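Colleague: Could you walk me through how the helices pack in this one? I'm new to this, so please go slowly.

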Amino acid sequence: MPKSLRSPQQQQLQRLLIELRKAKGLTQTEVATRLRRPQSFVAKYEGGERRLDVVEFIEVAQALDADACWVLGELIQRSPVTTD
């Protein structure tokens, strides 16, 4: 499977993380502060300019007060099934 910033699954992850942030009433700046990163870090993963590695993903989930396993489960449920 080729890595892509524009794959349907990657775009779904972006949408899910944005939804979670907004549901918690947080701004990108507030999430960035919790992560001890610049606001541009949040803007880039939300905007699809960068991918999160596994460790970063867990840190983002924690910054959003969300369980990383729940987030992954939600992503799997929302993502289209692909067979290659």
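This is a predicted model: local features need pLDDT of at least 70, side-chain atom pairs count only at pLDDT 80 or more; totals for chains, interfaces and linings use all residues.

Colleague: Is the crossing of helix 1 and helix 5 left-handed or right-handed?

Modeller: The crossing of helix 1 and helix 5 is right-handed.

Colleague: And which residues in helix 1 meet helix 5?

Modeller: From helix 1 there are Gln9, Gln12, Leu13, Leu16, Leu17, Glu19 and Leu20, and they meet Trp70, Val71, Glu74, Leu75 and Arg78 in helix 5.

Colleague: Switching topic, at what angle do helix 2 and helix 3 cross?

Modeller: Helix 2 (residues 28–35) and helix 3 (residues 39–47) cross at roughly 115°, and their axes come within 7 Å. That makes helix 2 roughly perpendicular to helix 3, and the crossing of helix 2 and helix 3 is right-handed.

Colleague: Which residues of helix 2 and helix 3 meet there?

Modeller: In helix 2 they are Gln28, Thr29, Val31, Ala32 and Leu35, which meet Gln39, Phe41, Val42, Ala43, Tyr45 and Glu46 in helix 3.

Colleague: How many of the residues in the contact of helix 2 with helix 3 are charged?

Modeller: One is charged, while seven are nonpolar and three are polar in the contact of helix 2 with helix 3.

Note on methods:
Residues are numbered from 1 along each chain as its sequence is written. Side-chain values use heavy atoms; hydrogens and water are left out. Axes are lines fitted to C-alpha atoms, for helices over the stretch in contact, and angles run from 0 to 180 degrees between N-to-C directions. Helices (H or I, at least four residues) and strands (E, at least two) are DSSP runs, numbered from the N terminus. Angles under 35 degrees count as roughly parallel, over 145 as roughly antiparallel, 65 to 115 as roughly perpendicular and the rest as oblique. A crossing is left-handed if the near helix is turned anticlockwise from the far one by less than a right angle, and right-handed if clockwise. Contact means heavy atoms within 4.5 Å. Ala, Val, Leu, Ile, Met, Phe, Trp, Tyr, Cys and Pro count as nonpolar, Asp, Glu, Lys and Arg as charged, and the others, Gly among them, as polar.
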